[in-house]
Amino acid sequence: MIQAAFDYDNDDRIIGFKLTGHADSGPYGSDIVCSAVSALSISTVNGLVAVASIKPVVVAKQAEGGFLSLRMPPVDDYILDRISQALLQSFQNGLLDVEKQYSKYIRIN
């Protein structure tokens with residue numbers, strides 16, 4: 001099962017997340033839950049870098065049972081902060097949608 005956890009600051013802004021585990025909802029290469037989570041997470045990281053010009057701290061350890069963590073650096077620019085929060089909240093919403101349909105394979109804490 002994929003476990004997802006989000007970290008927030010005192011203003012309820014998302015400042016990081018961690019994904020662990022594998023969905024195991026299908027054979028390797030055909031696992032729709034893993035594919036969805038991978039696409040959402042990679043798009044979010046790429047969006048933060050390419051759209052918001054933010055370089056988060058990202059750690060990925062595929063060999064250790066599936067692991068991806070992201071930690072946001074401080075963002076002083078209001079517009080870039082809003083863009084980054086929109087991307088992170090969209091990622092969270094996407095994961096929640098996947099969880100609604102495939103709760104046997106993904107859990108969001």
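This is a predicted model: local features need pLDDT of at least 70, side-chain atom pairs count only at pLDDT 80 or more; totals for chains, interfaces and linings use all residues.

Residues are numbered from 1 along each chain as its sequence is written, and side-chain values use heavy atoms, with hydrogens and water left out. The chain has 2 helices and 5 strands, and the largest pocket holds about 500 Å³ of space.

**Fold and overall dimensions**

- From the N terminus on, the elements follow the order β-β-α-β-β-α-β, where helices (H or I, at least four residues) and strands (E, at least two) are DSSP runs numbered from the N terminus.
- The chain has a radius of gyration of 14 Å, which agrees with the value near 13 Å that a compact globule of 109 residues would have; the radius is taken over C-alpha atoms, and the globule rule is 2.2 Å times the number of residues to the power 0.38.
- Along its principal axes, the C-alpha trace of the chain spans about 45 × 25 × 20 Å.
- Of the 109 residues, 34% count as buried, a class that means under 20% relative accessible area, with exposed meaning over 50% and partly exposed lying in between (1.4 Å probe, protein chains only).
- The accessible surface of the chain comes to about 6500 Å², and carbon and sulfur atoms account for 53% of this area; accessible areas come from the Shrake-Rupley method with a 1.4 Å probe, and for residues only the protein chains shown count as cover.
- Among contacts between residues at least 6 apart in sequence, 56% join residues at least 24 apart, a contact being defined by heavy atoms within 4.5 Å.

**The largest pocket**

- A pocket is found on a 1 Å grid over the protein atoms alone, as an open set of points with protein on both sides within 12 Å along at least five of seven lines, whereas a cavity is a set of points where a 1.4 Å probe fits but cannot get out; lining residues have an atom within 4 Å of a point.
- The volume of about 500 Å³ is the space filled by probe spheres set on the points, with grid points joined across faces, edges and corners.
- The lining consists of 25 residues, and G21, H22, C34, S38 and Q62 are those that lie nearest the centre of the pocket.
- Strand 2 (14-20), helix 1 (32-50) and strand 4 (67-71) each supply at least two residues of this lining, and helix 1 gives the largest share, with 6 residues.
- By class, the lining has 11 nonpolar, 11 polar and 3 charged residues, where Ala, Val, Leu, Ile, Met, Phe, Trp, Tyr, Cys and Pro count as nonpolar, Asp, Glu, Lys and Arg as charged, and the others, Gly among them, as polar.

**Buried residues in the two helices**

- S41 belongs to helix 1 and counts as buried because its relative accessibility is 5%; leaving out residues up to four places away in sequence, S41 touches L19, L68 and F91.
- Q92 sits in helix 2 (residues 78-101) and is buried, with a relative accessible area of 15%; apart from neighbours within four places in sequence, Q92 is in contact with F6, Y8 and I14.
- V98 is also found in helix 2 and is buried at a relative accessible area of 11%; not counting residues up to four places away in sequence, V98 touches V33, A36, L40 and I106.

- Most residues other than glycine have a negative phi.
- D12, in the loop between strand 1 (2-8) and strand 2, has a positive phi near 65°, and D12 counts as exposed at 60% relative accessibility.
- S53, in the loop between helix 1 and strand 3 (57-60), has a positive phi near 55°, and S53 counts as exposed at 57% relative accessibility.
- A60 lies in strand 3 and is exposed, with a relative accessible area of 61%; A60 touches F67 and L68 when residues up to four places away in sequence are not counted.
- A60 and R82 are 22 residues apart along the chain, and their C-alpha atoms are separated by 25 Å.
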